[in-house]
Amino acid sequence: FLLACPSGKMGRKDFFKFYRSLRVESEEKVKEIANFVFTAFDRDANGKIDFTEFLCIEKNFLSARFFN
């Protein structure tokens with residue numbers, strides 16, 4: 001995250017690009033998932049995902065993979 005976004009904050013467009021590099025689904029599916037994830041974890045609704053919010057995303061995805 002910090003390599004892709006040294007400022008520690010990532011807007012929706014940059015988040016999509018970053019998220020796209022992590023997924024294998026079609027671009028439309030990734031866009032749908034990325035929009036959902038971005039909205040769900042932009043906790044302060046400032047239009048940016050900061051590093052702490054990103055860590056919450058990762059924690060949730062890792063927990064889901066571990067328990068499923």
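This is a predicted model: local features need pLDDT of at least 70, side-chain atom pairs count only at pLDDT 80 or more; totals for chains, interfaces and linings use all residues.

To begin with, where does Thr 52 lie? After that, please go on to the packing of helix 1 against helix 2, and take your time over it.

Modeller: Thr 52 lies in helix 3. With a relative accessible area of 54%, Thr 52 is above the 50% cut-off, so Thr 52 counts as exposed. Along the chain, Thr 52 is 43 residues away from Lys 9, and the C-alpha atoms of these two are separated by 9.5 Å.

The protein contains 3 helices and 2 strands, and going along the sequence they follow the pattern β-α-α-β-α. If you take the contacts with a separation of 6 or more, 39% of them join residues 24 or more positions apart. Of the 68 residues in the protein, 29% are buried.

Now for the part you asked about. Helix 1 covers residues 12–20 and helix 2 covers residues 27–41; their axes are 9 Å apart and the packing angle is about 125°. That angle falls between the 115 degree limit for roughly perpendicular and the 145 degree limit for roughly antiparallel, which means that helix 1 is oblique to helix 2. The crossing of helix 1 with helix 2 is right-handed.

Which residues make up this contact? From helix 1 come Arg 12, Phe 15, Phe 16, Tyr 19 and Arg 20. They meet a set in helix 2 made up of Glu 27, Val 30, Lys 31, Ile 33, Ala 34, Asn 35, Val 37, Phe 38 and Thr 39. Sorted by class, the contact has 8 nonpolar, 2 polar and 4 charged residues.

Leaving out residues up to four places away in sequence, Ala 34 touches Phe 15, Phe 16 and Tyr 19. Ala 34 is also 11 residues from Arg 23 in sequence, with 10.0 Å between their C-alpha atoms.

Tyr 19 counts as buried because its relative accessibility is 5%, under the 20% cut-off. Tyr 19 and Phe 1 are 18 residues apart in sequence, and from C-alpha to C-alpha they are 10.0 Å apart.

Tyr 19 also takes us to the largest nonpolar core, which has 16 residues. Those that touch the most other members are Met 10, Phe 15, Tyr 19, Val 37, Ile 49 and Ile 57. The largest share, 6 residues, comes from helix 2. As background, nonpolar side chains in soluble globular proteins tend to be buried together.

For contrast, follow the chain past helix 2 to Ala 45, in the loop between helix 2 and strand 2 (48–50).

Technical notes:
Residues are numbered from 1 along each chain as its sequence is written. Side-chain values use heavy atoms; hydrogens and water are left out. Axes are lines fitted to C-alpha atoms, for helices over the stretch in contact, and angles run from 0 to 180 degrees between N-to-C directions. Helices (H or I, at least four residues) and strands (E, at least two) are DSSP runs, numbered from the N terminus. Angles under 35 degrees count as roughly parallel, over 145 as roughly antiparallel, 65 to 115 as roughly perpendicular and the rest as oblique. A crossing is left-handed if the near helix is turned anticlockwise from the far one by less than a right angle, and right-handed if clockwise. Contact means heavy atoms within 4.5 Å. Ala, Val, Leu, Ile, Met, Phe, Trp, Tyr, Cys and Pro count as nonpolar, Asp, Glu, Lys and Arg as charged, and the others, Gly among them, as polar. Buried means under 20% relative accessible area, exposed over 50%, partly exposed in between (1.4 Å probe, protein chains only). A nonpolar core is a set of buried Ala, Val, Leu, Ile, Met, Phe, Trp, Tyr and Cys residues joined through side-chain atoms within 4.5 Å.
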